[in-house]
Amino acid sequence: MARGPTPSPVVIGLSAVVVAVRDGEAMVLTVRSRGDGEPASEPAGLPFGPFDPDGHRTFELALRAFVTAQTRFDLGYVEQLYTFGDRGRDAPLADMGAGADSAPGARPSRVISVGYLALTPQAVETEAPDTAWAPWTRFFPWEDWRQGRPAAALLIEDALRQWADRAPPAQRELRLARARLAFALDGAPWNEERVLERYELLYGAGLAPEAARDRGEATGERSDALRAALGAPMISDHRRILATALSRLRGKIKYRPVVFELMPEAFTLLALQRAVEAIAGASLHKQNFRRALERSGLVEGLGRIDADTGGRPAELFRFRREILSARPVSGLSLPLLRD
């Protein structure tokens, strides 16, 4: 009996999007690979590693173990994000290995990556080589609307209109409609949760630097300003994973109190507002935010004052974590300041 083709090996990798807030900015934990004795030169990536079905009891335990090994950082809150399994994912396998029976340098043809979102109240310096906290705005500068429409979004708008103009007439309006919806063009409303949709549009339009890399093409001539506006690339599809995580987090803070996983035990209401704004990429109406917070019953005052605010002393509060087991709890209302 004739045998069919030998199935290609499959590697299951685990990727972690670790988020913290530092000085009012949302930060993500990144790693860089290096050759033996060489300085790190590759683009940044997310902490990642292989799942060993013989050695790991669960995905999450494996994730916690290799993140700690890579970054010397212990994870707190963790939730599974998404499974990324598209054919052709050029996942970095230098530290993952292709299996004990693989030839040196062999690469499996299929890599399945399970992404996780992890939240921590402190961006603790790991002191691990080639590991660093980076603001998410480095990778998605067009997503920060706290000071109004960012300059990066304006540059990208011009590039997307040119991309639409290059299409055949039948496709031109469809391209423009996608850009209009994703990037709030021509008066369309900005939806902060469409992070992944915006990144995938830039990838499909050939504007994201990863697109040219994956297709083996040159990026073409671009101004330094446009290069900066398009954000820093990441290895493999890690920027897509990061975009997925930010989309999830921006949506989830509205219906679950996960933002408190980013806060210390005691915090001021201003610090909490700044953390929410850093994640949402938008400014909040201070009075309306505090009124909604008071109605929610999620926090209570500690009767202590924080004198280290750099301005007027402010009362310290805590998250009433005990109510999570007492009743259904929603997230935070986001009364955005609109232009």
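## Strand β5 and its neighbours

Y77 stands opposite L119 in β5. Y77 belongs to strand β4 (residues 77–84), which is joined to β5 by seven bridges and runs antiparallel to β5. Strands here are DSSP runs of E with at least two residues, helices are runs of H or I with at least four residues, and both are numbered from the N terminus. Two strands count as paired if DSSP finds at least two bridges between them.

Strand β1 (residues 10–22) also pairs with β5, in the parallel sense and over ten bridges. In this pairing, V17 stands opposite L117. Strand β5 (residues 110–119) is largely enclosed by the rest of the structure, because eight of its ten residues are buried. Buried means under 20% relative accessible area, exposed means over 50%, and partly exposed lies in between (1.4 Å probe, protein chains only).

## Basis of the model

The model is predicted: local features need pLDDT of at least 70 and side-chain atom pairs count only at pLDDT 80 or more, while totals for chains, interfaces and linings use all residues. Residues are numbered from 1 along each chain as its sequence is written, and side-chain values use heavy atoms, with hydrogens and water left out.

## The loop with D52

D52 lies in the loop between β3 (48–50) and α1 (59–71). D52 counts as partly exposed, because its relative accessibility is 35%. The C-alpha atoms of D52 and V11 are separated by 9.2 Å, and the two residues are 41 residues apart along the chain.

## Helix α4

The buried residues in helix α4 (residues 195–204) include V195, R198, Y199, L201 and L202. They cover an arc of only 155 degrees around the axis, which puts them on the same side of α4; the arc is that of the directions from the helix axis to the C-beta atoms. An α-helix has 3.6 residues a turn, so residues three or four places apart point the same way.

The cover over the buried residues of α4 includes α2 (151–165), α3 (169–183), α5 (209–215) and α7 (238–252). Contact means heavy atoms within 4.5 Å. After α4 comes G206, with a positive phi near 75 degrees.

## Packing of α3 and α4

Two packed helices are described by the angle between their axes and the distance between the axes. For α3 and α4 the angle is about 145 degrees and the axes are 9 Å apart. Axes are lines fitted to C-alpha atoms, for helices over the stretch in contact, and angles run from 0 to 180 degrees between N-to-C directions.

On the α3 side, R178, A179, L181, A182 and F183 meet E197, R198, L201 and L202 in α4. The residues of this contact divide into six nonpolar, no polar and three charged. Nonpolar covers Ala, Val, Leu, Ile, Met, Phe, Trp, Tyr, Cys and Pro, charged covers Asp, Glu, Lys and Arg, and the others, Gly among them, are polar.

## The loop between α3 and α4

A184 is found in the loop between α3 and α4, and D186 is found in this loop too. Most residues other than glycine have a negative phi. A184 is not a glycine, but has a positive phi of about 55 degrees. D186, also not a glycine, has a positive phi of about 55 degrees. A184 is buried, with a relative accessible area of 2%.

E192 is placed in the loop between α3 and α4 and counts as buried, at 6% relative accessibility. Not counting residues up to four places away in sequence, E192 touches E143, R198, R250, K254, A280 and L336.
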